[in-house]
Amino acid sequence: MAGGHDLLNDRDVIIIGAGVIGCAIALALCRRDYRTLNIDKNPAAGFGSTSNSCAVVRFSFSTANSIKLAYEGYHYWKNWADFLGLGEPIEYAKYIQCGHLVIRTSANDRQDMLDHYRSIGVPFEEWSRERLLERVPIFDGARHAPPKAIDDPSFWEDGDEPLAGAIFTPIAGYVNDPQLATGNIKQAVEADGGRFLLNRRVTDIVRSAGRVRGVKLENGEELPAPIVVNAAGPYSFLVNRMAGVEDGMSIKTRALRREVHHLPSPKEYPFDQYGIIASDTNIGIYLKPESGNKVSVGSADPVCDEKTWIEDPDNFDRNISELQWRTQVFRLSKRIPSIPIPNSGAGVVDLYDVTDDWTPIYDKSDLDGFYLAVGTSGHQFKNAGAVGALMAELIDACEGGHDQDAAPLEVTGRYTKQTIDTGAFSRRRSLNFESSFSVRG
């Protein structure tokens, strides 16, 4: 680590976590002349749950502010090298613009979302069922809603009604290498004077007189800082408990075990050439192209599926489960009947950091100087650049005396100039009943 150990005791901000969100916050703060230190238990930036992100960039959220944040976040990926400003030939993560489909069960599906798209300026197309099947000929065009459990006797019943069509956003896509992308941000942070302490675990939050004073590490060492940011991903609820701030949060976070499965592309439709991202709540899945001419399939969190909440993020089953494998791949086979299904499961197993309503928290806390960028896993990778800017502005304002609880900031996007109400991401907000209560957000 550049700079030597003495510099670790001379930091304005300690950020717990060196995933994509923690690194993006560090970069935005460095550019406001804060001296930052990211601490992470992993050996590299982006090595934790970030590394297993599907890294999808889409806009299909349930609320206006979430859509605004995603649309702003897209422009960071579109302008990735310019945003980082490294000015040297390095290997950059790439944004793959393949488009995103939202399958419509009925003609009026997602009308509220489309109203937001129109007012915000997100480009979209409404596809009829005929156009959908012309553009994606491997798709089955029948309704199979609602999603069913694999052991439901009616699971294999054929859909007897046609889909209504789909909503297509052509500028959506995915980032090809989420860990590389995080490494790119780390390099930009270090170029701006930020520091990283890896392979170190935070075990306590040091506080006195109602203010954060720094953090304590597993070896007993204390590192001082007047500002600490919780960007610990699936560990966020444990860090909040260390800081004693959970009681002041009406919305809390938990760690959720997730599986994403990988299958070969159909021979007649190689996903590395033609593939798009699709959200299909009609059968309870989403899918995206995967490197090596594969397709990945994940859960859209249908109510019939049992969720596996994790109390200890260091200890959970990282093996593909036969039940989840069969559920997701056979759901996919209903939409893509020609999908080859291997005999054994393949894919990734990791944790999401999820709030009670699946909308993240970007806020201060009841402990002065302790800030929250939590509940982000599952759908916030896309927003990293925009979240970094939002959190830096929020921290700057609060440290300057702004009362965020009384008057939540309105942050203007660097690229879109859209006004984002940070109150929508408050720890004290009411449960967001506009949310899908799923990975859709």
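**Pockets, cavity and cysteines**

Strand S14 (253-264) and helix H9 (322-335) each contribute at least two residues to the lining of the second largest pocket in this predicted model. The space in this pocket comes to about 420 Å³, and 19 residues line the pocket, with Asp305, Glu306, Lys307, Thr308 and Gln324 lying nearest its centre. Sorted by class, the lining of the second largest pocket comprises eight charged, six polar and five nonpolar residues.

Rolling a probe the size of a water molecule over the atoms shows where empty space is left. One cavity of 30 Å³ or more was counted, and the largest cavity holds about 50 Å³ of space. The lining of the largest cavity is formed by Phe61, Ser66, Leu69, Trp358, Thr359, Pro360, His379, Gln380, Asn383 and Phe425; by class, five of these residues are nonpolar and five are polar, while no charged residue takes part.

The cysteines were then considered with regard to covalent pairing, a disulfide being a covalent bond between the sulfur atoms of two cysteines. The count of disulfides in the model is zero. Cys98 is in no disulfide, the nearest cysteine sulfur, that of Cys54, being 12 Å away, and Cys98 counts as buried because its relative accessibility is 15%, under the 20% cut-off. For Cys304, the closest cysteine sulfur is that of Cys54, and because the two sulfurs are 20 Å apart, they are too far from each other for a bond. Cys304 counts as partly exposed, with a relative accessibility of 32%.

Key: Residues are numbered from 1 along each chain as its sequence is written. This is a predicted model: local features need pLDDT of at least 70, side-chain atom pairs count only at pLDDT 80 or more; totals for chains, interfaces and linings use all residues. Side-chain values use heavy atoms; hydrogens and water are left out. On a 1 Å grid over the protein atoms alone, a cavity is a set of points where a 1.4 Å probe fits but cannot get out, and a pocket is an open set with protein on both sides within 12 Å along at least five of seven lines; lining residues have an atom within 4 Å of a point. Grid points are joined across faces, edges and corners, and a volume is the space filled by probe spheres set on the points. Ala, Val, Leu, Ile, Met, Phe, Trp, Tyr, Cys and Pro count as nonpolar, Asp, Glu, Lys and Arg as charged, and the others, Gly among them, as polar. A disulfide is a pair of cysteine sulfur atoms within 2.5 Å. Buried means under 20% relative accessible area, exposed over 50%, partly exposed in between (1.4 Å probe, protein chains only). Helices (H or I, at least four residues) and strands (E, at least two) are DSSP runs, numbered from the N terminus.
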